[in-house]
Amino acid sequence: MASAISVRDVSKRFSLGKERYDSLKERVIRLGRTSPRELLALRNVSFDVDEGTTLGLLGHNGSGKSTLLKCIAGILQPSAGAIVTRGRLSALLELGAGFHQDLTGRENVELNGLLLGLSRREIAARFDEIIDFAGEQVAAQIDQQVKFYSSGMFVRLGFSVAISVEPDILLVDEVLAVGDEAFQRKCLAKVKEFQQAGKTIVFVTHQADLVRQICDQAVVLDHGQVVCYDAPGVAIRSFRDHLFETGRAHEAPVLGDEEDEPAPGAAPVHPKKTVRIADVKLHHPHDIERRALLPGEPLVIEVRYDSDEALDDLSFAIAFLDGEGRVLYGANTRRFGVRMDVRPGTGTVRWKVASVPLLDGVYQLRFAIQDRSEAVVYDWIDAMEGFEVMQTENVVGTVAFDLAVEHEGALGTTL
Ligand SMILES: Nc1ncnc2c1ncn2[C@@H]1O[C@H](COP(=O)(O)OP(=O)(O)OP(=O)(O)O)[C@@H](O)[C@H]1O
Ligand SMILES: [Mg+2]
């Protein structure tokens with residue numbers, strides 16, 4: 001099969017500008033070392049995307065995904081290596097990329113259409129369709145400067161324009177996640193329509209199940225390097241292994257969802273540390289032969305702590321987070337009526353999940369130790385190790401519903 005995109009040994013270097021040393025102290029601390037003024041965002045990246053196939057691009061934040069898409073789109077010039085593309089290419093890049101803030105939605109559609117190679121007549125003919133796909137809200141504000149658009153509106157209009165040119169190659173950055181559920185579904189339907197029409201697609205996303213659903217191949221980037229270029233299932237596993245290795249140091253010191261009011265148990269930044277979480281261990285019945293759990297399996301989470309003093313009536317908290325850091329469930333020992341009197345030395349709290357109600361994904365754990373009133377925080381951590389649930393059944397989503405189905409049909413007579 002012919003390649004629609006061929007990426008050969010591509011590296012991209014960004015210069016970070018001149019650094020100023022403001023104080024003598026800084027200069028002394030540096031001992032004459034120069035700090036890196038360049039950043040290698042892509043290193044010797046090579047892969048091919050066959051015509052009519054869809055490639056998923058996975059990688060941690062800052063791994064170079066957007067840079068790579070921009071190089072393929074020709075917006076950035078690689079510092080080394082070569083990229084060859086065949087056919088008309090259209091891209092939905094980072095939020096607002098290609099949009100001029102001071103122009104109206106209508107003017108931006110026209111400008112982008114021209115840049116993507118449409119004639120004025122073609123743009124006029126497709127204008128209604130573009131606005132229609134972008135939705136009512138965008139339509140109502142099409143003659144307003146786009147700087148007043150919400151991020152969701154940007155994405156709607158951007159995606160509509162990108163697909164309107166009927167490209168042979170479509171590049172889509174993660175921005176789709178910005179749109180609401182309904183719009184995402186609409187975009188996905190469009191992506192599938194493109195696939196059926198034999199177009200080539202490169203798709204950046206953090207959603208592993210989406211990669212499994214729509215991609216033929218996937219590339220995993222880690223600090224600008226390709227660490228896996230394989231079938232979606234293999235690539236997702238590699239991506240997760242890298243996430244696990246890197247650890248995910250969340251800075252957020254609260255047990256609740258960051259955007260909400262601080263949840264009961266929200267922790268100030270400086271914990272007292274006279275009682276500390278020393279170690280977290282996870283056990284499930286099959287953890288010897290496989291790391292991942294299956295939905296519905298039990299899980300035991302063992303939290304070992306060290307205490308310097310005797311403290312009565314503490315509260316130990318746990319929270320389960322999804323891959324995007326959203327709290328799925330949080331509770332503390334008081335909720336279960338377990339009295340936590342600690343004495344100098346070591347102790348263990350064992351959380352037992354009878355049946356893990358989750359589907360495919362990587363989940364993280366957060367722990368805290370507080371006093372009874374939850375005003376004093378002794379310690380809180382985001383565990384380096386999360387856990388992974390691997391689903392074998394043909395279902396989608398996050399939560400494993402305990403679902404059954406029945407059918408009562410008409411009692412037809414046999415002919
Ligand atoms: N114009 C630029 N100038 C300097 N550095 C840049 C520039 N664009 C990107 N970088 C750096 O290059 C690296 C890769 O960035 P890039 O945006 O490609 O990552 P990404 O994988 O898309 O991340 P995310 O998941 O957060 O979108 C980062 O360290 C980023 O700071
Ligand atoms: Mg990006």
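Helices are DSSP runs of H or I with at least four residues, and strands are runs of E with at least two, both numbered from the N terminus.

## The chain as a whole

By that count, the protein chain has nine helices and 18 strands. This is a predicted model, in which local features need pLDDT of at least 70 and side-chain atom pairs count only at pLDDT 80 or more, while totals for chains, interfaces and linings use all residues. Residues are numbered from 1 along each chain as its sequence is written, and side-chain values use heavy atoms, with hydrogens and water left out.

Of the 415 residues in the chain, 44% are buried, that is, under 20% relative accessible area (1.4 Å probe, protein chains only). Among contacts (heavy atoms within 4.5 Å) with a separation of 6 or more, 72% join residues 24 or more positions apart.

## Around ligand 1

Ligand 1 is surrounded by 14 residues, each with a heavy atom within 4 Å of the ligand. Gly62, Gly64, Lys65, Ser66 and Thr67 are the closest. By class, this shell holds four nonpolar, eight polar and two charged residues; Gly counts as polar here, and Asp, Glu, Lys and Arg as charged. H2 supplies the largest share, three residues.

## Polar contacts

Which atoms meet the ligand's oxygens? A polar contact with the ligand is a pair of N or O atoms within 3.5 Å. Lys65 instead uses a polar side-chain atom, 2.7 Å from an oxygen of ligand 1.

How values were computed. Chains lettered and ligands numbered in written order. Polar contact = N/O pair within 3.5 Å; in protein donor to acceptor, adjacent residues only side chain to side chain. Buried < 20%, exposed > 50% of the residue type's maximum accessible area, 1.4 Å probe, protein only.
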